[in-house]
Amino acid sequence: MTERLKIIFSELVSCKKFADVGCDHGYIAKAMLDANKAERVIISDISAPSLKKAEDLLSAYPADRVKAVVCDGLSGVDGDCDQVLIAGMGGEEIVSILSAAENLPVHLVLQPMKNADKVRNKALSLGYRIVKDYVFKAGKFYFLLVCERGKDEYTDDELFFGRDNLNAPSADFKEYARKEYAKYSAVAKRADLSAEKRAEIEKIMERYGKFI
């Protein structure tokens, strides 16, 4: 597995039934079975050709331990899954998947590629407590949210940054913050910006500037 997938896998808990939505090659589902962290796994993807790669990888496992489903989001995933992973998608797509789901698990592990603030807000609104929420670097920077059923409230800053990034900023997060600050700083220098947009960008720079 790649370093990114290893980090995601490390945050998954042992469970009876695990579902990997948009499972790509199926490496994490395989690791869950190999490590006996799941009795059964569901692999799903909206594309049958994409799902075939994961089916091939898991073809040696008993049929009663692996279920492959071509579906959009969680629409074809059994409601009795106790842990679901949704990784490698945009935040708005993850929000859409969660919003459309009729049955959500006790444990959710979410790895949005962007718009992590929207994912945090949606998880909280659905009755999840976010137990881990941080940025890690594995070539690129990634957001990772580990959620479980429960009550939680985030401040505006926690929604923007992620609670762990805010309360105990790691070296990876500080590097990410510096890059974000530099990105917005370059935009702020553009001559064609309206005063309103410039003020908005400067406010974002001020937020990231606290970690530089």
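**Strands and pockets in a predicted model**

Lys17 stands opposite Arg40 in β2. This is a predicted model, in which local features need pLDDT of at least 70, side-chain atom pairs count only at pLDDT 80 or more, and totals for chains, interfaces and linings use all residues. Residues are numbered from 1 along each chain as its sequence is written, and side-chain values use heavy atoms, with hydrogens and water left out.

Start with β2. Strand β1 (residues 15–21) and β2 run parallel, joined by six bridges. Strands here are DSSP runs (E, at least two residues), as are helices (H or I, at least four), numbered from the N terminus. Two strands pair if DSSP finds at least two bridges between them. β2 also pairs with strand β3 (residues 66–70), again in the parallel sense, over five bridges. There, Asp45 has Val70 as its bridge partner. Strand β2 (residues 38–45) is largely enclosed by the rest of the structure, because six of its eight residues are buried (under 20% relative accessible area, 1.4 Å probe, protein chains only).

Now the pockets. A pocket is an open set of points on a 1 Å grid over the protein atoms alone, where a 1.4 Å probe fits, with protein on both sides within 12 Å along at least five of seven lines; lining residues have an atom within 4 Å of a point. Helix α8 gives the most, four residues.

The second largest pocket has a volume of about 280 Å³. Helix α4 (residues 91–100) supplies the largest share of its lining, four residues.

Key: Grid points are joined across faces, edges and corners, and a volume is the space filled by probe spheres set on the points. Buried means under 20% relative accessible area, exposed over 50%, partly exposed in between (1.4 Å probe, protein chains only).
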